[in-house]
Every structure is written in structure tokens, then in C-alpha cells.
Amino acid sequence: MKLSTKHLLGIKDLNREDIQLILSTAEQFKEVLQRPVKKVPSLRDITIVNLFYENSTRTRMSFELAERRLSADVLNFALSSSSSAKGETLLDTVNNILSMKVDMVVMRHSASGAPHFLAKHIPAAIVNAGDGINEHPTQALLDAFSMREKLGKLEGLKVAIIGDIMHSRVALSNMYLLRKMGAEVVVAGPPTLIPKYISEALGVRVEYNLKKALQWCDVANVLRIQLERQNQPLFSSLREYNLAYGIKRKMLESLGKEIVIMHPGPINRGVELDSDVADGPYSIILNQVENGVAVRMAVLYLLANREN
Amino acid sequence: MKTILSEQQLALTVKRLAHQILENNLSLENTVLIGLQPRGIWLSDRIVQELQKIVDPAHIQYGKLDITFYRDDIRKSLHIANATDIPFNLENRKVVLIDDVLYTGRTIRAALDALLAFGRPSKVTLCVLVDRRFNRELPIQPDYTGKTIDTIISQKVIVNWKETNGVDEVVLM
């Protein structure tokens with residue numbers, strides 16, 4: 001058994017078996033991370049470069065830790081300290097790095113499709129760590145892993161994705177993954193932040209009323225407003241957004257049932273999530289971060305061993 | 001196809017291995033048993049069942065180890081990992097590793113490597129059901145052996161268990 005793809009560019013390219021293989025391998029890596037020595041020698045002959053053309057805390061650290069726990073050699077590239085400022089193209093940068101015998105590329109880029117472009121031109125395996133408003137596959141995988149760990153299954157699960165659906169790569173990857181694994185998905189948010197034909201395209205239901213979405217779901221995956229990707233005003237103010245779509249403790253308590261609160265980070269406290277919700281008993285936000293390392297170890301392990 | 005151990009012989013052999021382990025680790029107080037995933041678990045489960053008949057089951061510490069991430073042929077083909085379950089520290093404990101067939105010795109090498117992630121055992125010994133003694137590629141020998149056989153590489157030793165194959169037997173193909 002192995003993955004059907006050479007790269008991890010998006011959940012769109014994976015099939016059910018791939019997703020199951022990644023999640024079950026991640027379970028074994030999660031056990032590795034509980035050991036006194038949290039490191040295995042699996043990728044000691046592999047060199048990985050982390051190319052981050054866009055800012056990141058969690059994802060970059062999580063990938064780097066996953067790589068080191070697998071004993072890979074790690075190179076880090078940050079836009080601010082690189083030669084890109086001198087006008088070097090993406091392909092030139094990557095080819096120069098690859099000539100130093102690098103086997104895998106983990107890349108985040110603000111342009112949607114940047115990793116797909118690279119995959120066409122270079123021989124190394126590529127892992128997409130977020131490309132523009134397209135996909136963030138490892139986030140969706142770790143979200144699925146965390147949901148499955150908490151609630152025991154994905155099939156038939158009711159998941160509400162709430163917030164800036166339009167600009168969120170986490171939302172798109174989550175929708176692909178959850179639909180492939182048989183979960184039901186509702187997207188909720190202001191009409192200006194939800195793409196028009198999303199129901200037809202992705203098999204999800206649209207809900208503009210936050211309370212109704214929360215009442216329906218088992219899991220609420222709450223997203224940040226991606227102001228940096230919005231080049232026109234799409235709602236009047238963050239305060240108004242909070243009033244209509246911010247999740248508050250009181251509202252959760254009035255539902256008459258327990259739902260799980262997730263957030264891919266970074267959280268804008270007081271906008272999409274109030275602090276007492278983010279830190280409250282329903283939240284599994286920090287479990288998501290913990291699981292991220294195991295899931296990324298699984299992805300890297302499975303891609304590194306795909307050749308031959 | 002040749003039968004190496006029949007159902008009755010296999011049952012007796014498992015019993016003998018359990019007694020031999022006990023002989024060297026009286027009362028099992030500082031000893032832990034670790035079966036190797038995936039196929040060694042069937043043998044280690046049986047040995048533990050035998051031991052439970054003789055000593056206080058509370059004294060038996062039993063874990064399962066998967067060595068997939070420590071293999072030296074990891075790039076040749078993808079191996080799917082099984083669960084590791086070692087809920088205790090191995091620091092200064094005596095470890096008995098249990099596997100079904102000892103062949104090239106490479107699995108045991110990986111297992112020795114993997115064990116170190118759980119602490120530094122004071123001693124590690126090896127218990128196998130079948131020892132294919134002339135096929136070793138590393139200097140590794142068993143301490144407890146069910147049956148020693150002479151085979152060539154093209155032959156295959158197949159261990160069947162009632163739980164998975166409906167019959168207890170070891171055959172040579």
C-alpha cells in the first residue's frame with residue numbers, strides 16, 4: 001500500500017485510501033511522540049527544505065519538528081533573508097537549492113498554484129504547506145485526525161466551517177477531505193465571504209445564521225478573517241462581524257448539547273472566537289497543534305518512501 | 001510443503017519456551033516481555049497465556065513493539081506501521097524480545113534500535129519459534145529457540161495460527 005500521488009499538493013488529488021493511510025500512519029507517529037526518545041531514524045538519508053514565502057508560526061515549526069523527529073536533514077528558507085528580494089525567480093531559487101541534493105520541498109506561497117507549478121518543473125517531492133487561497137492539505141488532515149480522535153469517526157459527522165470561506169485555504173482543503181470521507185459539511189458566514197456556487201461545486205450546504213449552524217453541527221471549525229487577502233471591504237467592521245458571527249460562550253451554553261470547537265490558528269480573539277470559548281472546555285485547538293506534528297510526520301514518511 | 005511443527009508440537013513448544021523464560025527470570029519481577037509486530041504477537045500472546053497459568057498475572061509486564069520506522073530497507077518498499085504499545089519504562093529492566101521466525105536478523109537489529117527509545121534495558125534476550133540458522137546476515141542469535149531448521153533462501157517458513165489461519169502449524173514451502 002502506498003499513496004497514489006508523488007506530491008501532496010492538495011486534498012483534491014487524494015483518494016479515500018490515501019487519506020486513511022495518512023491518518024492511520026499518523027496514529028503510529030503520535031505514539032512515537034509519547035516515548036521518552038521521540039525520534040525515529042526513518043528519513044536519515046533525506047534532506048528537506050522548508051520554503052516559506054509567506055509568514056507562518058505553527059505550520060513552519062510543526063513541519064520542522066516533524067522533519068527532525070524523522071531524522072531528516074532540514075534546510076530553512078525565509079523570504080525576508082533570501083535572494084528573492086534581489087529578483088531571483090521561484091524556479092531559479094528551487095533549482096539552486098535542489099542542486100545541493102535536496103530530496104523534498106515543503107512550500108508555502110501566497111500565489112495559489114505555486115506548488116503545482118513547481119511539481120511540473122522539478123523532480124523533488126513537494127508538500128504544499130498552504131498556497132494562496134487554494135489549499136492547505138496538512139491542516140485539513142490534522143483537523144480530520146483531531147476530529148476522529150475526539151469523536152471516533154468522520155463518516156456521518158456534521159461539521160460547520162465558520163468564517164471567511166472565500167479566502168480560506170483551510171476551508172477548501174477541509175471541505176474536500178470531509179466530503180471524501182463521508183462527513184456532512186455546512187459553511188457559515190456573511191454572504192460576501194461565501195463563494196456563490198459553493199454548494200453545487202463542493203457538495204456543502206450554506207447557512208447564513210450562526211446559531212442555526214451551531215445547533216446543527218457536532219464540530220465547529222472556526223476560521224480567521226483573512227484581511228490580508230481581501231482587497232475590498234466585504235463587511236463593515238470587525239466589531240460587527242463579531243456581533244453576527246463571533247462565537248460566544250453564552251451561545252454555546254444555550255445550544256443544549258456539546259459541540260467541539262476547532263480553529264487552525266492564528267486566532268483573532270474577540271473577533272471570530274471569544275477568549276472564554278478558545279480556552280474553554282469545548283476547544284481542542286491545542287490538540288490540533290499537537291496532532292499536527294504526527295500528521296506531518298506521516299505525510300513526509302509516506303512521500304519519502306514512495307519511490308521504487 | 002513439509003510440516004515442521006504440528007498443532008500438538010507447536011503447543012508443546014510454546015509451553016517449553018514459556019518455562020525456559022521463567023527458568024531464567026524467576027517470578028518475572030524485573031523482566032518484561034515484548035512481542036514484535038505484526039507476526040511475533042501471535043507467539044508472544046501464547047507465551048504470556050502460558051506464563052499466566054504459572055505465575056501471578058499481575059507480575060507479567062507485556063508490551064508490543066513495531067519496528068517499521070527503524071527498518072534498514074525503508075527505501076526499498078513502503079511498510080505499513082502497526083501499533084506499538086509499551087506502557088512502561090525499560091530502564092534497567094530485563095527484556096525478552098519475542099518473534100516468530102529468526103531469518104536474516106535484520107528485524108531484530110531494528111528492534112534493538114527501537115527499544116532504546118524506551119530507556120536502557122539491563123539485558124535483552126531473544127526468543128523465537130523458528131530459527132533459520134544458516135540465513136543470518138548479522139551477528140544475532142536467539143537465546144530461546146522453538147525449533148532450529150536448515151533452509152535455503154528460496155524456501156519459505158510459514159507460521160499459521162488458529163486466530164488468523166484456522167490452524168496452528170509451522171510449514172516449510
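Two residues are in contact if their C-beta atoms, placed from the backbone, lie within 7 Å. This is a predicted model, in which local features need pLDDT of at least 70 and side-chain atom pairs count only at pLDDT 80 or more, while totals for chains, interfaces and linings use all residues. Residues are numbered from 1 along each chain as its sequence is written, and chains are lettered from A in the order in which they are written.

Q: What makes domain 1 and domain 2 of chain A count as touching?
A: By the 7 Å rule, 19 residues of domain 1 of chain A are in contact with 19 residues of domain 2 of chain A. The side of domain 1 of chain A that touches domain 2 of chain A takes the most from H1(A), with 5 residues, and by class that side has 9 nonpolar, 5 polar and 5 charged residues. Here Ala, Val, Leu, Ile, Met, Phe, Trp, Tyr, Cys and Pro count as nonpolar, Asp, Glu, Lys and Arg as charged, and the others, Gly among them, as polar.

Q: How do you know where the domains of chain A lie?
A: The bounds come from an automatic or database domain assignment, which divides chain A into domain 1 (11-134 + 292-304) and domain 2 (137-288). Taken over C-alpha atoms, the centres of domain 1 and domain 2 of chain A are separated by 25 Å.

Q: Why does the radius of gyration of chain A agree with that of a compact globule?
A: The rule, 2.2 Å times the number of residues to the power 0.38, with the radius taken over C-alpha atoms, gives near 19 Å for 308 residues, and chain A has 19 Å, so the two agree.

Q: What share of the residues of chain A count as buried?
A: A residue is buried if 20 or more other C-beta atoms, placed from the backbone, lie within 10 Å of its own, exposed if 12 or fewer, and partly exposed in between; 45% of the 308 residues of chain A count as buried.

Conventions
Helix = DSSP H or I, 4+ residues; strand = E, 2+ residues; numbered from the N terminus.
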